[in-house]
Amino acid sequence: MTDISSIDAVQKALAGQDYVCGRPLATVLFLSLRLGRPLFLEGEAGTGKTEIAKAIAAALGRRLIRLQCYEGLDAASAVYEWNFAEQMIAIRTAEATGGADRDALKSELFTQDYLIERPLLQAMRPQPGGAPVLLIDEIDRTDEPFEAFLLEALSDFQVTIPELGTITAPEPPIVILTSNRTREVHDALKRRCLYHWVDYPTFDREIEILQARAPQAAEALSREVVAFVQRLRTEDLFKKPGVAETIDWAKCLLALDVLALSPEVIADTLGAVLKYQDDIAKLQGSEAKRLLDEARASLEPA
């Protein structure tokens, strides 16, 4: 159980961590916490999915345990491994003393003392302050065999170590999975979760986010930055800028004491917003001015 008793309380708790949360997201977060169901967050990269897990962990005072997914990730790497270096030292020490009983040594080598816990096993352990928040980040980077294993682990909140037996969580962790949708995640895993699509924020929401994360930025500059970034997202880019890039860009402009955008300033600081040279090349010459003009026009009263 958590201390959050309503949807409004979710929004308030996240606001305390400078995370601006809309009502639909707050609702599904509340239901996930109340029902003890994993939450599956899907959306474009840079829309703040990972930050949601960080914010909810901080708001609840829980430990955040992050499993960063990647191609080739297997169950063993996600759960545990044995400390082979320490085991070899123990074997050599026993051989040197000449008093090693093979069966006794084997039982000593495969104990908690030589176990290296990985994120999934850590999440099954009791934690100070209550069950941890388990962030399974970018699940779409893994493959179907790992999904199948994860499906079983999240169903019973337990993992099995052959040498030690089955370890069951005394209190299920708060599980948040994220996906950038580089591939479709299997329906069986999604069915175990509550689902929410995290989209790019509206203009007003992104202004709120920027004011929370870069409060030193003047209102006029913040509005120009958000309008320009939102205009950029309508362009045919390899990687559209996310909210993180909006915040980074505003902070870069503050560091340069910029009071208003100009084509020259945009050209000098595009590396804070766009991360691929092909995208940056599209904004050379008059393109930056065109987009800036369109962004400013969108800010004018109708």
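Predicted model: local features only at pLDDT ≥ 70, side-chain atom pairs only at ≥ 80, totals over all residues.
A residue counts as buried here when its relative accessible area is under 20%.

Let's follow E1 out to its partners. On one hand there is E8, which pairs with E1 in the parallel sense over 4 bridges. Leu 39 stands opposite Ile 176 of E8. On the other hand there is E9, parallel to E1 and joined to it by 4 bridges. Here Phe 40 has Tyr 195 in E9 as its bridge partner.

Now widen the view to the whole sheet. It is an open sheet of 5 strands with parallel pairing, and the order reads E2-E5-E8-E1-E9. Strands E2 (64-68) and E9 (194-197) take the edges; each has a single partner strand, so one side of each is left without a neighbour in the sheet. On average, neighbouring strands are turned by 20° against each other, direction ignored.

Step across to E5 (residues 133-137). With E8 (residues 174-179), E5 pairs in the parallel sense over 4 bridges, and Leu 134 finds its bridge partner in Val 175 of E8. With E2, E5 again runs parallel, this time joined by 5 bridges; Leu 67 stands opposite Ile 136 of E5. How enclosed is E5 by the rest of the structure? Largely so, because 5 of its 5 residues are buried. Val 133, Leu 135 and Asp 137 point one way, while Leu 134 and Ile 136 point the other way.

Most residues other than glycine have a negative phi. Glu 138, in the loop between E5 and H8, has a positive one, near 60°. This residue also counts as buried, because its relative accessibility is 17%. A second case turns up at Asp 257, with phi again positive and near 60°. Asp 257 belongs to the loop between helix H12 (243-255) and helix H13 (263-269). Is Asp 257 buried or exposed? At 64% relative accessibility, Asp 257 counts as exposed.

H8 lies across E2, E5 and E8, and runs at about 160° to E8. That brings us to the packing. In soluble globular proteins, nonpolar side chains tend to be buried together. In this model, the largest nonpolar core has 35 residues. Those with the most contacts inside the core are Leu 121, Ile 136, Ile 139, Leu 150, Leu 154, Leu 177 and Leu 189.

Which residues does Leu 189 touch, leaving aside its neighbours within four places in sequence? Leu 189 is in contact with Ile 139, Glu 147, Leu 150, Leu 151, Leu 154 and Leu 177. There is also a second, separate core, this one of 32 residues, including Phe 228, Val 258, Val 265 and Leu 283.

Finally, zoom out to the protein as a whole. There are 15 helices and 9 strands, and 46% of the 302 residues are buried. The radius of gyration is 24 Å, whereas a compact globule of 302 residues would come in near 19 Å. Taken along the principal axes, the C-alpha atoms fill a box of roughly 85 × 45 × 35 Å. Among contacts between residues at least 6 apart in sequence, 75% join residues at least 24 apart. As for the surface, the protein exposes about 15500 Å², and carbon and sulfur atoms supply 51% of it.

Technical notes. Residues numbered from 1 in each chain as written. Heavy atoms only, no water. Pairing = 2+ DSSP bridges. Helix = DSSP H or I, 4+ residues; strand = E, 2+ residues; numbered from the N terminus. Axes fitted to C-alpha atoms, helices over the stretch in contact; angles between N-to-C directions. Contact = heavy atoms within 4.5 Å. Core = buried A, V, L, I, M, F, W, Y, C linked by side-chain atoms within 4.5 Å. Buried < 20%, exposed > 50% of the residue type's maximum accessible area, 1.4 Å probe, protein only. Rg over C-alpha atoms; globule rule 2.2 N^0.38 Å. Areas by Shrake-Rupley, 256 points an atom, 1.4 Å probe, with all protein chains shown as cover.
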